Amino acid sequence: MNILIAGGSGFLGRELAQQAWATGHAVTATFATRAGDMPGIHWLPMDLRRSEEITAALRETQPDVVINAAYRKADWATTADGAIRLAVAATQHGSRLVQVSSDAIFSGADVHYDESATPDPVTPYGAAKAAAETAIRLFSPDAVIARTSLIIGGGGSVHEAFIHDLATGRRSGVLFTDDIRCPVHVADLARAILELTDGNHAGVCHLAGSDAVSRHELGVLIADREALDASLLTAGCRAGTDSPGALDVRLDSTRTQRTLRTTLRGARDFLRRER
Ligand SMILES: NC(=O)c1ccc[n+]([C@@H]2O[C@H](COP(=O)([O-])OP(=O)(O)OC[C@H]3O[C@@H](n4cnc5c(N)ncnc54)[C@H](OP(=O)(O)O)[C@@H]3O)[C@@H](O)[C@H]2O)c1
């Protein structure tokens, strides 16, 4: 297949590009500011805020599948408008679409969220992702909306870099014990997303790991994997602080997992294996 990965220079995008290329697909990966340097990948600049760049990329690459892993957190023009602009263009072009979304669309009020749950975002980032989801779901029912949680793996994520800095004393901070998510390994996530491009899937899918862990437990698991001193990780409670965002959001991926060959491992499992 011919696959276009928007945000191919990002953490998830690079893993998607590498796996897709290694399994024999023709891969174009896009970037906003700087191209990647992986062999076998065709790199294209594509800013989701610019319609003409999207049109040019689709015309040049003629993709069977478009995966959108591009975002800039709370930048509405990229994360909401840009995602919708790309989805409209991909649909008009006849490409299958996978829009990567986030557990940030939920407030945490219900704690457990399966694929049927209605978004109730409490941050600008969550609102932008929810807006993109809603538009894409309504005008392109065949598209896949792939929601995920904290993306971890191989030391390359911002979350792992943060823990590394805390556990080596390069920065200070508190890891909350009541801030809970279902982290996923980047390799599992990319493999699952590529499975979802096969045309047999549509609509909302949940691709989170099977373990619900607090930020503090996640930090300890990462520190242990890297043989760092986990006692330097300060535990605290987020409830009652003015830190924005949801507290406890657990994506339930049971329904999607049943349809996949890829196992979405839990953080306790994959971080112990990575030791
Ligand atoms: N990271 C997580 O823990 C997490 C959790 C849940 C969901 N997600 C979702 O997973 C996806 C990938 O996340 P990630 O952590 O891999 O992201 P990332 O590493 O921050 O990469 C973001 C990508 O988007 C590109 N980009 C930024 N602004 C753009 C624009 N205006 N137009 C086009 N491309 C733009 C970046 O290009 P440059 O590098 O060239 O600037 C980069 O390729 C996102 O949809 C995110 O919402 C992530």
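The structure is a predicted model, in which local features require pLDDT of at least 70 and side-chain atom pairs count only at pLDDT 80 or more, while totals for chains, interfaces and linings use all residues. Residues are numbered from 1 along each chain as its sequence is written, and side-chain values use heavy atoms, with hydrogens and water left out.

Strands here are DSSP runs of E with at least two residues, and helices are runs of H or I with at least four, numbered from the N terminus; two strands pair if DSSP finds at least two bridges between them. In general, strands of a sheet pair through backbone hydrogen bonds, either parallel or antiparallel.

The loop between β2 and β3 contains Gly 40. Leaving aside residues up to four places away in sequence, Gly 40 touches Trp 21 and Val 27, where contact means heavy atoms within 4.5 Å. Gly 40 and Trp 21 are 19 residues apart along the chain, and 6.9 Å separate their C-alpha atoms.

The protein is divided into domain 1 (2–151 + 183–206) and domain 2 (154–181 + 211–273), with bounds from an automatic or database domain assignment. Taken over C-alpha atoms, the domain centres are 23 Å apart. Contacts link 29 residues of domain 1 with 30 residues of domain 2. The area buried between the domains is about 2,600 Å², with 59% from carbon and sulfur atoms; buried area is the accessible area (1.4 Å probe) that two parts lose on being put together, summed over both. Leu 150, Pro 183 and Glu 195 supply 25% of the area that domain 1 buries against domain 2, more than any other three residues.

Between the domains there are 3 salt bridges, each a side-chain nitrogen of Lys or Arg within 4 Å of a carboxyl oxygen of Asp or Glu. The side chains of Arg 181 and Asp 103 also meet in a salt bridge (3.9 Å, N to O).
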